[in-house]
Amino acid sequence: MNKKPIFLILLLLIMVALCSCQKESDITRQGFYFDTVINITVDEKHLSSVSDAMDLCAEMENTFSPTKEGSEIYKINNNQNIGISKDVRTVLDFSMAVSKESDGAFDVTVAPLTKLWNVKERTIPPTDDEIASALSKVGYENFSLTGSSEDFDIDPGAVAKGYAADRVRDLFIEQGIDKAIIDLGGNVVLIGEYSVGIRDPFNPDNLYAKIMLKDKSAVTSGAYQRYFEYNGKRYHHIIDPRTGKCAESGLASVTVISESSMEADALSTAIYVMGEDGLSLCEKFPGTDALLITEKGDVITTKGFEEKYSLTLFN
Ligand code: AMP
Ligand code: MG
């Protein structure tokens, strides 16, 4: 019986393969925001832009953190009357769209469950009664940004990092940067063309596959990222809001490609909950593609993925 909590803050969920695409004058700077390590790589002549990017990450964290008192999400969750910023409106509107299109597999009001499961600190799973009680407070259908009849608890954890990565990309483009790797804890956004490695979910130190991406974002969700083990079973950070328990959809990881990192972030979490059927979600969000690794180690992709992204499998 293993009651020891195992909590992994994954440094890089997706490994940007340091390949020939990088130049000698490229520099990488590291920061810690959104409870994860972020890495930003640009040509050294753009070093000052990196500190602008770090400031922007701090601002985004102070906006979207559900635990930081004074953040906009904290205020919404604590019924403090505030005006809603464009950043929060964009993220919550999009989260609602994904909640609807995924039929609640993704649910922006999932916070009572993610708080209950709290895989960062828990060593024993919650009881069925505790799960049922938290579950009764979850339900995007009754949530509205303009005021809900019930109290809701928002968790933007599956999408806010993606939004922040998009904001950093927009900032860099405004500043005339034409090559950059923006990696917010595995939410990768590329300006220019790079080779990107997809981690092996069964052995996260290794790569499972490699793809070529130009001006796109890649985001991976998987049960190997944050979890604890109890009685030989793994309890991870992605919750199925239909059962109130950790998602068990037969997938080991889901990588979504999109021009928008917010979109790739939300969809990778949603598809992870939905399983193989979730691949159809990409049809509802034009311009997105996905690569699924099943628990058996099979690879399933959207149509044309292999050619479009020059997919190389290592296993
Ligand atoms: P990601 O690592 O992007 O897949 O997102 C996982 C994070 O999203 C968790 O740590 C929670 O904060 C939140 N989350 C977990 N399950 C769900 C869900 N079914 N729908 C929306 N957000 C979720
Ligand atoms: Mg996500």
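This is a predicted model: local features need pLDDT of at least 70, side-chain atom pairs count only at pLDDT 80 or more; totals for chains, interfaces and linings use all residues.
Q: What makes the length of α1 close to the expected one?

A: Helix α1 spans residues 47-64, which is 18 residues, and from its first C-alpha to its last it reaches 26 Å, close to the 26 Å expected at 1.5 Å a residue.

Q: How do you know that α7 is largely enclosed by the rest of the structure?

A: Of the 14 residues of α7, 13 are buried, and therefore this helix is described as largely enclosed by the rest of the structure. Its reach from first C-alpha to last is 20 Å, close to the 20 Å expected at 1.5 Å a residue. At the start of α7, a side-chain oxygen of Ser260 comes to within 3.4 Å of the backbone nitrogen of Met262, and the helix is followed by Gly275, whose phi is positive, near 80°.

Q: Why is Ala266 counted as buried?

A: Ala266, which has its place in helix α7, has a relative accessibility of 0%, and so it counts as buried, the cut-off being under 20%. Leaving aside residues up to four places away in sequence, Ala266 touches Phe94, Val98, Phe106, Ala158 and Val159.

Q: Why is Val189 counted as buried?

A: Val189 is found in strand β5 (residues 187-191), and because its relative accessibility is 0%, it counts as buried. Not counting residues up to four places away in sequence, Val189 touches Ala165, Asp166, Arg169, Ala180, Ile181, Ile182, Lys216, Ser217 and Ser261. The C-alpha atoms of Val189 and Leu213, which are 24 residues apart along the chain, are separated by 9.5 Å.

Q: Why is Asp35 called partly exposed?

A: The relative accessibility of Asp35 is 27%, so it counts as partly exposed, a class that lies between the limits of under 20% for buried and over 50% for exposed. Asp35 sits in the loop between β2 and β3, and it has a positive phi of about 65° although it is not a glycine.

Q: Why is Asp103 called exposed?

A: Asp103 has a relative accessible area of 60%, and therefore it is exposed, the limit for that word being over 50%. Asp103 is found in the loop between α3 and α4 (111-117), and its phi is positive, about 60°, although it is not a glycine.

Q: What makes the pairs between ligand 1 and Ala105, Ile239 and Thr269 polar contacts?

A: A nitrogen atom of ligand 1 is 3.0 Å from a polar backbone atom of Ala105, a nitrogen atom of the ligand is 2.7 Å from a polar backbone atom of Ile239, and an oxygen atom of the ligand is 2.7 Å from an N or O atom in the side chain of Thr269. Each of these qualifies because a polar contact is a pair of N or O atoms within 3.5 Å. The protein covers 90% of the 500 Å² of accessible area that ligand 1 has on its own.

Q: Which element gives the most to the shell around ligand 1?

A: Helix α7 (residues 261-274) gives the most, with three residues. By class, the shell has eight nonpolar, six polar and three charged residues.

Notes. Residues are numbered from 1 along each chain as its sequence is written. Chains are lettered from A and ligands numbered from 1 in the order in which they are written. Side-chain values use heavy atoms; hydrogens and water are left out. A polar contact is a pair of N or O atoms within 3.5 Å; within protein, one must be able to donate a hydrogen and the other to accept it, and residues adjacent in sequence count only if both atoms are side-chain atoms. Accessible areas come from the Shrake-Rupley method with a 1.4 Å probe; for residues, only the protein chains shown count as cover. Helices (H or I, at least four residues) and strands (E, at least two) are DSSP runs, numbered from the N terminus. Ala, Val, Leu, Ile, Met, Phe, Trp, Tyr, Cys and Pro count as nonpolar, Asp, Glu, Lys and Arg as charged, and the others, Gly among them, as polar. The expected span of a helix is 1.5 Å times one less than its number of residues. Buried means under 20% relative accessible area, exposed over 50%, partly exposed in between (1.4 Å probe, protein chains only). Contact means heavy atoms within 4.5 Å.
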